[in-house]
Amino acid sequence: MSAHIVTAEELRIGTRGTRRFEGREHGAAISYFFVDNRPGEGAERHWHPYHETWLVIEGTARATIGDEELELHDGDTATVPPNTWHGFVNAGPGRLRLIGIHASDTIVQTS
């Protein structure tokens, strides 16, 4: 497979800025969500059978990982172990932009 660009528009979910990349479709061993949330928006509690790593690009996230409550800011990274309930919400006044990297070539999510 040769290198190629996958545009943001190809990955967009709905009408907002969030995008979903499934690695298997592009010859990659990982998948990710690029999250772009307004204040109060986020991801409800769910789990995956593999690790997930969050990198906050902009904003403030209030996250729950298992029984822990965390606050993440610009540049922070958090890891979620496999089979662990987790979720987050934009707790700041501006946009929350983060990348949720899935250690799988396809996204498997259980709510």
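How many bridges join strand 5 (residues 61-65) to strand 6? The count is 5, and the two strands run antiparallel. This is a predicted model in which local features need pLDDT of at least 70 and side-chain atom pairs count only at pLDDT 80 or more, while totals for chains, interfaces and linings use all residues. Residues are numbered from 1 along each chain as its sequence is written, and side-chain values use heavy atoms, with hydrogens and water left out.

**View 1. The whole chain, to get your bearings.**
Helices (H or I, at least four residues) and strands (E, at least two) are DSSP runs, numbered from the N terminus. The C-alpha trace spans about 40 × 30 × 25 Å along its principal axes. With 111 residues, a compact globule would have a radius of gyration near 13 Å, and the chain's 14 Å agrees with that; the radius is taken over C-alpha atoms, and the globule rule is 2.2 Å times the number of residues to the power 0.38. Of the 111 residues, 38% count as buried. Buried means under 20% relative accessible area, exposed means over 50%, and partly exposed is in between (1.4 Å probe, protein chains only). Take the contacts (heavy atoms within 4.5 Å) with a separation of 6 or more: 66% of them come from residues 24 or more positions apart.

**View 2**
Two strands pair if DSSP finds at least two bridges between them. Look for Thr64, which stands opposite Glu69 in strand 6.

**View 2. Strand 7 and its neighbours.**
Strand 4 (residues 52-58) runs antiparallel to strand 7, and 4 bridges join the two. Across from Thr79 in strand 7 you'll find Thr53. Further along, the loop between strand 7 and strand 8 (86-90) holds Asn83. Asn83 isn't a glycine, yet has a positive phi of about 60 degrees. For context, most residues other than glycine have a negative phi.

**View 3. Two pairs of aromatic rings.**
The structure holds 2 aromatic pairs. Rings of Phe, Tyr and Trp (its six-membered ring) pair if their centres lie within 6.5 Å; planes under 30 degrees apart count as stacked, over 60 as edge-to-face and the rest as tilted. Phe21 and Tyr32 are stacked, at 5.0 Å centre to centre with 15 degrees between the planes. Phe21 lies in strand 1 (residues 19-21) and Tyr32 in strand 2 (residues 31-37), so this pair ties together parts 11 residues apart in sequence. Phe21 is buried at 10% relative accessible area, whereas Tyr32, at 22%, counts as partly exposed. Trp54 and Phe88 have ring centres 5.4 Å apart and planes at 75 degrees, so they're edge-to-face. Trp54 lies in strand 4 and Phe88 in strand 8, so the pair links parts 34 residues apart in sequence. Trp54 is buried at 1%, and Phe88 counts as buried at 9%.
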